[in-house]
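Hello,

I am handing over the structure below. Please have it open while you read the notes that come after it.

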Amino acid sequence: MFHFSGFNMMFPEGRSFHATYKCFSVSMLPGNERSDVEKGGKIIMPPSALDTLTRLNVEYPMLFKLTNGKKSRSSHAGVLEFVADEGKCYLPYWMMDNLLLEEGDILNIESVSLPVATFSKFQPHSTDFLDITNPKAVLENALRNFACLTKGDVIAIKYNKKVYELCVLETKPGNAVSIIECDMNVEFEAPVGYKDHSETQASGSGQQGTAGSAGGEASGGASAVLEEVVETFKGSGVRLDGKKKKESQMDTPVLKKVLARGVPDYDFQFGLIRFDRNIRPISDRGNEDDAAAGNADGSDGESFHGTGFSMKKTRK
């Protein structure tokens, strides 16, 4: 009840507030920089709005529906302060982006009553959000600066000097809910661009197979593979029972394929490690082959030609 010019005037309860303002981003607010407004979901309105809201006896907490009539976009927000210039209101930049507003556009604001939130689901817009150790705790701390959530909005939270954007996929019990003093269950959808580990392995194996086939064609197939003949024991061999060896038991040379140094093994199986110690390095085989070729030509190779001495003196 208010006293005005000798009359007692009673304003009816439950009347809704409706006003139209020119909206601007927080960076246009006169005075010192207000980074606290950018961190949350609350707006700054002029003092005349507080006077009207008080006379209308609106329901607390004060929640408002913001509507951009030209683009048919709407959202919801709380109020932080009533210090804006008359005819103006100031919004966080992410909220102006959601409403498709430019500096100085007309914004319709009306008071609303929203149900208390019980559930909400978010989807990060970047996989960088997965690097946070406890994302639910970070989100809970950031939502303290919000008064309500609207389904379809993309909110922005700041953590460790980095801004993360999250889309509000679902809210219960309605498409717009109040989150002031409530117990709300929170779930996260996979971030945009996130690939499951199994999908990554499948795509990776497919790429490896394609690269292997392409590399095989480029390397010329068998030209990159060296064949090494491993000779078995050259003696006749005698059985313990005195019988002669059968033809099937005769020794046959064994061929081993050795990849040249620097050529990848395209038959490599993931998770399998081979320790083959029977294969000598190519450099060693080359030296032995040269020595064998020299002996076959009748040359001595690199045999010692000097005079020998014995450390033990011989008796005369």
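The model is predicted: local features need pLDDT of at least 70, side-chain atom pairs count only at pLDDT 80 or more, and totals for chains, interfaces and linings use all residues. Residues are numbered from 1 along each chain as its sequence is written, and side-chain values use heavy atoms, with hydrogens and water left out.

As background, most peptide bonds are trans, and most residues other than glycine have a negative phi. Helices (H or I, at least four residues) and strands (E, at least two) are DSSP runs, numbered from the N terminus.

Cis peptide bonds

Proline 61 is in the loop between α2 (47–56) and β5 (63–68). Another cis bond joins lysine 172 to proline 173, and its omega is near 10°. Here the proline, residue 173, sits in the loop between β12 (162–172) and β13 (176–178).

Positive phi

Leucine 100 is not a glycine, yet its phi is positive, at about 60°. It is found in the loop that lies between α3 (93–98) and β8 (106–112). Lysine 161, also a residue other than glycine, has a positive phi near 60°. Its place is the loop between β11 (154–159) and β12.

For accessibility, exposed means over 50% relative accessible area, buried under 20%, and partly exposed in between (1.4 Å probe, protein chains only). Leucine 100 has 39% relative accessibility, so it counts as partly exposed. Lysine 161 has 82% and therefore counts as exposed.

Regards
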